[in-house]
Amino acid sequence: MIIVGTSNILTFIISDIKNKRLEFAKENGADYTINPAEVDLESKIYEITNNEGAVHHKHLN
């Protein structure tokens with residue numbers, strides 16, 4: 001699982017290849033969830049952040 005914050009740290013984007021985890025994240029406050037096995041992660045983050053991109057990320061196991 002990857003947690004991504006934008007520069008204003010008000011948008012939380014969660015990325016994981018397991019949809020169950022994404023559902024859990026969404027139920028618990030994630031603004032956006034992305035499955036990189038289904039879409040291009042980098043492109044989706046740029047789309048969500050109006051080309052700002054991610055400024056922070058953390059890998060969780």
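Student: Is Tyr-46 buried, partly exposed or exposed, and what is its relative accessible area?
Tutor: The model is predicted: local features need pLDDT of at least 70, side-chain atom pairs count only at pLDDT 80 or more, and totals for chains, interfaces and linings use all residues. Residues are numbered from 1 along each chain as its sequence is written, and side-chain values use heavy atoms, leaving out hydrogens and water. Buried means under 20% relative accessible area, exposed over 50%, and partly exposed in between, with a 1.4 Å probe and protein chains only. Tyr-46 therefore counts as partly exposed, at 34%.

Student: Which residues does Tyr-46 contact, leaving aside neighbours within four places in sequence?
Tutor: Tyr-46 belongs to helix H2, residues 41-48. Contact means heavy atoms within 4.5 Å. With those neighbours left out, the partners of Tyr-46 are Asn-51, Glu-52 and Gly-53.

Student: Where is Asn-51, and what is its phi?
Tutor: Asn-51 sits in the loop between H2 and S4. Its relative accessibility is 63%, so Asn-51 is exposed. Most residues other than glycine have a negative phi. Asn-51 is not a glycine, yet its phi is positive, at about 70°.

Student: What about Asn-50: which loop holds it, and what is its phi?
Tutor: Asn-50 lies in the loop between H2 and strand S4, residues 56-59. Asn-50 is exposed because its relative accessible area is 68%. Asn-50 also has a positive phi without being a glycine, near 55°.

Student: Which ring does the charged end of Lys-26 sit over?
Tutor: A charge sits over a ring if NZ of Lys or CZ of Arg is within 6 Å of the ring centre and within 35 degrees of the ring normal. The charged end of Lys-26 is 6.0 Å from the ring centre. The ring is that of Tyr-32.

Student: In what order do the elements of the protein chain run?
Tutor: Helices (H or I, at least four residues) and strands (E, at least two) are DSSP runs, numbered from the N terminus. The chain has two helices and four strands. From the N terminus, the order is β-β-α-β-α-β.
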